[in-house]
Every structure is written in C-alpha cells, then in structure tokens.
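Subject: The structure we talked about

Hi,

Here is the structure I promised to pass on.

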Amino acid sequence: MAKKPVNSLNTELLSELKAALLEAQNSRSKGVILTSSLPTVFCAGLDIMEMYTTDKTKLTNFWQTLQDTWLTIYSLPIPIATAINGSSPAGGCLFAISTEYRVMVEGKHTIGLNETQLGIVAPKWFRDLYSSTIGHHQAELALLRGSLFKPEKALQLGLVDELAKDKTEAIEKCKKYILFYDNIPSLGRSVTKLDIRNDLIQWMKKNKEADIEKFVTYVQTPKVQAGLKLYIEYLKQKQQ
Amino acid sequence: MAKKPVNSLNTELLSELKAALLEAQNSRSKGVILTSSLPTVFCAGLDIMEMYTTDKTKLTNFWQTLQDTWLTIYSLPIPIATAINGSSPAGGCLFAISTEYRVMVEGKHTIGLNETQLGIVAPKWFRDLYSSTIGHHQAELALLRGSLFKPEKALQLGLVDELAKDKTEAIEKCKKYILFYDNIPSLGRSVTKLDIRNDLIQWMKKNKEADIEKFVTYVQTPKVQAGLKLYIEYLKQKQQ
Amino acid sequence: MAKKPVNSLNTELLSELKAALLEAQNSRSKGVILTSSLPTVFCAGLDIMEMYTTDKTKLTNFWQTLQDTWLTIYSLPIPIATAINGSSPAGGCLFAISTEYRVMVEGKHTIGLNETQLGIVAPKWFRDLYSSTIGHHQAELALLRGSLFKPEKALQLGLVDELAKDKTEAIEKCKKYILFYDNIPSLGRSVTKLDIRNDLIQWMKKNKEADIEKFVTYVQTPKVQAGLKLYIEYLKQKQQ
C-alpha cells in the first residue's frame with residue numbers, strides 16, 4: 001500500500017488492493033506480503049472522510065467495497081503475511097489480523113481496534129477476528145477501551161507473531177513464513193485454510209446486506225457525524 | 001454487598017442487587033464497583049439453603065431472580081468492575097466474571113466455579129463465561145475439578161485482571177478502570193459492549209424457561225438433595 | 001495400545017480400543033489411562049494403508065469406526081488421561097486431546113495435527129478440538145504448517161498439561177489426576193463433562209454421514225492418492 005499520507009482505506013485503495021490480491025492468486029504466486037511503502041504508517045484504517053457524510057449511496061458503496069476486499073484477503077488460498085512497519089489502527093489492524101501471520105517492526109507505533117475512541121463501533125466480523133486472535137476477554141477489554149498496543153505488548157497478547165528491528169527484517173521474516181509452505185502440498189493447505197475460516201466467511205456472505213444497513217444507519221446519526229467532525233478537526237490541528 | 005455472614009445470594013439479596021444496579025444505570029453514574037463490606041468473604045455464592053428444598057415454586061422463583069440479576073450485571077451499559085476482597089466461590093465467581101474488570105486482594109482466599117465439589121452442575125451460561133475468560137481447556141479442567149484458585153494463580157490464568165494489597169487499593173484500581181472511560185464516547189462504548197455480549201444475552205432470553213426447568217429438575221433429585229444436606233452439615237461443623 | 005510397530009489406528013485397533021473403553025466404563029473403573037506399550041511411539045495416527053485405496057466401502061467402514069471410537073473417548077463419563085510416551089502425530093494427537101488431561105514424556109518425539117504435511121485435511125472435529133485446546137490462532141498456524149511440537153513447546157502452548165521424565169512418572173501423574181476425583185461426586189462430574197462437550201458431540205452425531213462423505217470423496221481423488229503413495233515410499237526408505 002502506497003497512498004500518501006497514511007494509506008487511509010478509501011473506496012479506491014480498497015478496490016486496487018482487491019485487484020492486486022486476485023492477480024497474485026491467479027498468477028499462482030507463492031504468497032503475498034502486505035506492507036506499506038510509507039515511512040511511519042502501515043495503514044491508518046478506514047478513511048474517515050468516507051464516513052463523514054450522510055450520503056447513503058456513498059456510504060453503502062464504501063462499506064460494500066470494504067466487505068469484498070476483506071473477503072478476498074481473509075479467504076485468499078495462497079499464503080499471506082503482514083509486515084507491519086508503522087501505525088496500524090482500526091481497519092489497518094483488521095487487515096493485518098485477516099492475513100495468516102504478522103511481523104511488526106519495533107518502535108513507537110501502535111496497533112489495535114480503536115473504534116470506540118472515535119465514537120464508532122467495530123462490527124461483528126472485526127470483533128470475532130480480534131477474539132480468535134487474542135482471546136475473548138482481552139479482546140473485549142481492548143475493544144471497550146479502544147486500546148492501541150505497542151509492538152512488545154502486541155507480541156505478548158498474540159496480536160502479532162514476531163517482532164523485527166526494521167522493515168527489511170520484517171519482510172525477510174514474512175518471506176520465510178511463506179517459503180516454509182514450499183514443502184506443504186498446496187491443495188491440502190488451501191482446503192484446510194478455507195475450512196478453518198469457513199464460519200466467518202459464510203457469515204459475511206449471508207449478512208452483507210444487514211452489515212451494510214447497520215453501518216450506514218449508525219454512521220448517519222447526528223451524534224456519530226458530530227464525533228467524526230471533532231476527530232477530523234483534531235487530526236487537522238495535529239498536522240499543523 | 002453487605003449480608004452477613006457471607007453474602008450468600010438468596011432471592012432477597014439478588015433482588016436488592018438488581019435494583020441497585022438499575023438505579024446506578026438510570027442515574028447515569030460513571031460506573032459501578034461490586035465489592036463486599038465483609039472482612040474475609042467477597043461472596044459465598046448461591047445460598048445453599050435456597051437449593052436445599054424440593055419446593056418447585058421456591059426453586060423456580062430463586063433461579064428466575066438469579067437469571068434476572070445476572071442479566072442486569074452482564075448487560076449493564078455503564079462500566080462495572082469487581083473488587084474481590086475475599087472468598088469468591090461459585091455464584092460469587094460468576095458475578096465477578098460477569099463484570100468487565102476484576103481486581104483481587106492478595107491473601108489466602110480463593111475464586112472459582114466449584115460446583116462439582118457440591119455435587120451440582122454449573123449451567124451453560126456459567127461455563128460459557130468461564131471459557132471466554134480463561135480459555136476452553138483450562139475452564140473444562142477447573143469445572144471438572146471444582147477448582148478454587150488463589151489470587152496469584154487466578155491472575156496467571158486471566159481469571160482476574162490485577163492484584164491489590166488490600167481492599168482500599170482494589171477499590172482504587174477499579175475506580176481507575178472506570179475513570180479511563182471519561183475519554184471514550186459512551187454511546188459507542190455501550191453499543192460495543194452489548195454487541196460483544198449479545199450471543200449469551202440472547203441465549204439467556206430465549207432459554208430462561210428451559211434453564212429453570214433443568215436446574216429445578218436436577219436439584220430436586222434425592223441424590224443431589226442428599227449431597228447438599230451433607231455439605232450443609234460440613235459447613236455447620238466447620239463453623240463450630 | 002500395543003500394536004507393533006507404531007500403533008497405527010486401523011479399523012481393528014480402533015474397534016478394540018472402543019471395546020476396552022466401554023468395558024472400563026461399565027465396570028465402574030475409577031478412570032482410564034491411554035498409553036502405548038511401544039518404546040518410542042505413542043501412536044502414529046491413522047493407518048495410511050487404510051486410506052491408500054479407492055475402495056469406497058473400505059474407506060467408509062474405516063472412517064465410521066474412527067468416528068465411533070472417538071465419540072467413545074470424547075464422551076467417556078469416567079476420568080480419562082493420556083500418558084504420551086512417544087511420537088503422537090495426527091490421529092495420535094487427536095486421541096490425546098480428546099481425553100481430559102495429558103502428560104508427555106520429555107525427549108525428541110513430537111505431537112501435533114500434521115495432516116497438511118501428508119496432503120490431507122484435518123476434519124472439523126479435529127480442528128475444533130485443537131482450537132479449544134491451544135487457542136484459535138495458534139491452532140490455525142499449526143494446522144496450516146502441519147506442525148509437530150516437542151514436549152517443551154507442547155507444554156508452553158497448552159497442548160499438554162504436564163511433562164514427565166519417563167513413562168513411569170507420566171503414568172503416576174495420570175493416576176494422580178484420576179484419583180483427585182475420589183472426592184468429587186461422580187454424577188455432577190459426568191453431567192458437567194458431557195454438558196461442556198455437548199456441542200461437538202451433537203455435531204458429530206448429526207453430521208456423521210456428511211463427515212464420512214467428505215473424507216471418502218477427498219481421499220479418493222488421484223492427487224491425494226498420489227500424495228499418500230509418495231509418503232508411504234518415503235516411510236519405507238526411512239525404515240531401511
């Protein structure tokens with residue numbers, strides 16, 4: 001991902017990401033490493049500008065694209081790992097925990113589903129993934145608090161699998177993860193992966209409409225729009 | 001809770017607890033700390049005297065009140081933490097793990113779902129909460145053995161979140177937990193909490209009758225009543 | 001289990017194991033310890049020779065016997081522990097994690113669901129048990145990689161409950177686990193166990209046919225049969 005300044009996930013970037021993943025899959029690539037070409041941010045999460053609106057069509061289109069891109073990541077048959085080389089809040093964290101393996105670069109940046117800090121609610125599929133990664137009680141506490149974890153704490157919780165000194169080392173470790181599968185028959189591996197992930201994949205396929213409806217209705221409420229406005233102003237001040 | 005000698009949860013105390021929680025919620029309190037005003041016992045669990053009977057109406061009324069009070073604790077929208085300042089077996093443990101955060105005072109007292117020790121069976125909702133707190137395998141072992149854990153072991157298992165030197169420190173840590181949410185928009189927080197807990201809340205609402213029936217039928221059996229009688233005699237001897 | 005050379009689980013051994021467990025249950029034994037009388041292998045898992053065939057009747061009979069024996073282990077009302085005194089891949093690991101408690105002898109041998117290494121797929125019930133024992137994310141990684149863990153790592157993951165220096169000590173620790181229940185009323189214990197395990201037991205009872213169909217269809221495919229052939233040749237070379 002290389003969308004300045006912070007890889008915010010808007011409809012365009014999501015579509016491009018989905019296309020790139022499908023191309024890797026169809027070209028029978030050995031695997032995919034998700035990372036950022038920006039120096040301090042892995043992915044700032046969903047683009048707040050896409051949510052700071054009451055235009056139902058725009059919101060629906062945005063959320064549908066997110067669902068489709070996520071399904072592509074989560075059900076990718078080939079190995080996929082994430083080199084987290086910077087901040088990874090909200091949607092950035094979601095995408096990282098939707099791959100198979102995470103290596104995080106040491107430093108000051110953080111990772112976590114911090115939606116409550118913005119006054120919004122992480123949907124069921126975000127939460128289920130979080131629980132299956134760090135356990136139910138830790139996930140509940142982290143979701144309520146909107147926690148963002150430093151690399152050492154993320155490793156301790158099991159939110160990431162390894163730490164690395166810099167991006168180069170993170171990429172190397174992701175490559176090692178992927179190349180391990182050279183010795184594993186790919187059919188058995190991909191069937192196993194899709195079987196393990198089948199419950200959540202099927203849930204999404206069956207609940208796309210309801211999930212969109214829930215998001216669009218909640219985000220359109222004046223209270224939430226006012227909260228997003230405040231947050232955008234806070235970000236603008238921070239940048240000055 | 002301040003019902004001598006051991007805060008046994010009978011129909012009366014359960015009703016009072018529920019009323020107090022609803023009052024805190026309606027008065028838009030910042031949060032609730034569940035604790036005991038007794039020196040060595042947090043809560044001895046369900047009152048065995050309420051179960052040592054074959055009177056169906058009494059048993060039904062008791063279990064229904066427990067369900068309702070538990071639902072109030074478990075789905076309370078405002079922050080709720082527990083300062084466990086003494087023994088916390090069975091129902092005492094259930095109530096602690098139904099709040100969001102637990103601080104346990106160091107010492108000789110213990111916590112755990114020890115129902116099998118009394119010859120009774122922890123119902124599904126007790127067990128599901130235990131599993132989501134300490135993990136499935138540890139919960140299974142602890143339930144089969146009726147384990148009671150000392151504070152250090154409870155912390156290690158994730159059954160409590162922090163230890164404290166005394167009750168004062170435990171209350172302070174619970175307050176700190178609650179005050180953290182001053183910076184989190186309350187709507188997003190409460191929707192997130194109820195969404196995370198929705199499966200078990202809905203299960204209870206749909207299965208109240210069946211859950212009562214299961215409890216009443218099992219407890220009325222001569223074998224279980226005989227076991228409770230033995231346990232009551234054991235407790236009486238212990239007190240002398 | 002004492003079937004040379006490696007306690008491969010074929011239809012015959014599975015039937016004998018089931019009969020022995022039912023006898024222990026009916027004779028009101030205090031409990032069962034599952035172990036191997038072979039020096040270096042606990043159980044090599046499912047007999048590959050039973051799978052290296054396209055004979056539908058043979059495959060169906062084999063898988064049905066496995067299901068029934070597994071159900072007997074998993075739902076045994078009396079205490080059951082495993083003394084893992086050697087290698088315990090695939091089906092060997094499945095049986096160990098289907099008992100209540102595992103003690104593993106230290107050494108070079110390993111344990112794990114390594115099905116992907118053989119090009120086959122661990123079915124849902126294998127995977128669900130693995131997840132409930134070591135947590136969802138660790139189970140997913142281990143299943144994708146077909147990982148085999150040494151005793152120290154197995155202990156750290158929670159895949160086994162204790163280590164022992166030799167088989168004698170492992171048996172002693174399993175006995176201690178079983179004798180603990182002398183002080184627990186057996187009715188409450190067995191009802192608790194079957195309640196905890198009820199979801200997976202009911203799933204199996206309802207999905208026996210579909211589970212057989214899935215296995216038989218997958219194993220019969222030329223790609224899988226070719227993979228098994230390669231693995232058998234590899235094992236033969238290894239033995240020379």
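This is a predicted model: local features need pLDDT of at least 70, side-chain atom pairs count only at pLDDT 80 or more; totals for chains, interfaces and linings use all residues.

Residues are numbered from 1 along each chain as its sequence is written, while chains are lettered from A and ligands numbered from 1 in the order in which they are written.

The sheet in chain A

Chain A has an open sheet of four parallel strands, in the order β1-β2-β4-β6. Strands here are DSSP runs of E with at least two residues, helices are runs of H or I with at least four, and both are numbered from the N terminus. Two strands count as paired if DSSP finds at least two bridges between them. At the edges sit β1 (32-34) and β6 (162-164) of chain A, each pairing on one side only. On average, neighbouring strands are turned by 25 degrees against each other, direction ignored; the axes behind that angle are lines fitted to C-alpha atoms, and angles run from 0 to 180 degrees between N-to-C directions.

Now walk across it. β1(A) is joined to β2(A) by three bridges, with Val32(A) opposite Ile80(A). Next, β2(A) pairs with β4(A) over four bridges, and Ala81(A) stands opposite Tyr101(A). Finally, three bridges link β4(A), residues 101-105, to β6(A), where Leu163(A) is the bridge partner of Met104(A).

Is β2(A) buried or exposed? Five of its five residues (80-84) are buried, so this strand is largely enclosed by the rest of the structure. (Buried means that 20 or more other C-beta atoms, placed from the backbone, lie within 10 Å of the residue's own.) Ile80(A), Thr82(A) and Ile84(A) are on one side, with Ala81(A) and Ala83(A) on the other.

Chain C

Where chain C meets chain A, 19 residues of chain C are in contact with 16 of chain A, contact meaning C-beta atoms, placed from the backbone, within 7 Å. On the chain C side, α5 (124-134), α6 (136-145) and α11 (222-239) each give two or more residues, and α6(C) gives the most, with six.

Cheers

Conventions
Two residues are in contact if their C-beta atoms, placed from the backbone, lie within 7 Å. A residue is buried if 20 or more other C-beta atoms lie within 10 Å of its own, exposed if 12 or fewer, and partly exposed in between; C-beta atoms are placed from the backbone.
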